[in-house]
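Here are my notes for you to read alongside the model. Have it open while you go through them.

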Amino acid sequence: MAGFLKKLFSGKREEKTETDLQKKFEIFKYDGLRAQRMGKIEYALKCFYDALELQEDYETLGYLANLHIRIGNFDKAEPLITRMIELEPEFPEPLLNRATVRFMLDNYHGTVEDYIRYIELKPEDASAYLLLGKAYLELKEYIQAVANLTKAITLNEEYVEAYIVRSEVLLSMKQYKEALQDADKAVELAPDDEHSWLQRAKIEERRGETDKAIADYQKVIKLNPFCDLAYIKQGRILVGEGKLQEAINAFSEAIEVNPDCTDAYLERGNARLMDSDETGAADDMKKALELDPKKCTRIDGKYDNLGENFSNLQGSVL
């Protein structure tokens, strides 16, 4: 009898302990969610990790992984998503998430593997073929890229981004006519999308059709006056045509819309140097180096004419 009672009460204590642990787990998990909604990121991370110390939980792994992705901690998100895939290998969403994370980590081979597995589970998802095409583009496997982007377009004939990316692949293959056709299609489908016009302008510039390229860059600026890239691209064409003051004005407009645009200062500095304005060029170089000192490793040759002044600028910033 005594043995029975001991076993009975021992079992109740174990049950109570398990119940207490479950309550603690839920407290940490839902405190983490509340902290995340309130913007208390560090505390939310701590809560999710504390919850997982008590209990491995698929949903909590997802919350923690997504939070790391949100703040750019892709290297910390990847193993969490990998564990989710191990727990539920038939769920497609974690494969898609890990592929995205691996893309951000420049692990393009891993990205391709995940997208292929995802497509096996969801073969009619056009976006997966688009993303797989992007990964192949990064790997310079252009034929595979074109094939998957074409599949995306087959599934969705109005897929603007797929036309733009396929256009970029074809441009990399120097198939300018076909690249322009895709860019034209993107512009036709989305005339208010600046990315479509940027892509077409890029192809026209590569083909030497600079007047058309400038017109398209101006269209981009009309759609989005804060697109510093369009001003810079336009300015580079003008430099190539020897229209230095117009180019300087274009680079100045880029700086006006984005005062922290390193490339705009670099390009304006180069144009000013070509226009015999060494003082202005030095000022632009100083600002560029303040914004991004690493750029100095790539610009020495362009600014050789500044001589000792440029070396002094490098030394003062570095």
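**Notes on side-chain contacts**

1. Start with Phe-91: at 38% relative accessibility, this residue counts as partly exposed (buried is under 20% relative accessible area, exposed is over 50%, and partly exposed is in between, with a 1.4 Å probe and protein chains only). Tyr-58, at 25%, counts as partly exposed too.

2. Before going on, a word on the source: this is a predicted model, where local features need pLDDT of at least 70, side-chain atom pairs count only at pLDDT 80 or more, and totals for chains, interfaces and linings use all residues. Residues are numbered from 1 along each chain as its sequence is written, and side-chain values use heavy atoms, leaving out hydrogens and water.

3. A search of the whole structure turns up three aromatic pairs (rings of Phe, Tyr and Trp, the last by its six-membered ring, with centres within 6.5 Å; planes under 30 degrees apart are stacked, over 60 edge-to-face, the rest tilted). One of them is Tyr-58 with Phe-91, edge-to-face at 5.6 Å centre to centre and 85 degrees between the planes.

4. The salt bridge count is 21 (a side-chain nitrogen of Lys or Arg within 4 Å of a carboxyl oxygen of Asp or Glu). In one, Asp-50 meets Lys-46 at 2.8 Å, N to O. Lys-46 is partly exposed at 48%, and Asp-50 is partly exposed at 21%.

5. Which residue forms a salt bridge with Glu-78? Look at Arg-102, with the closest N and O atoms 2.9 Å apart. Both Arg-102 and Glu-78 are buried.
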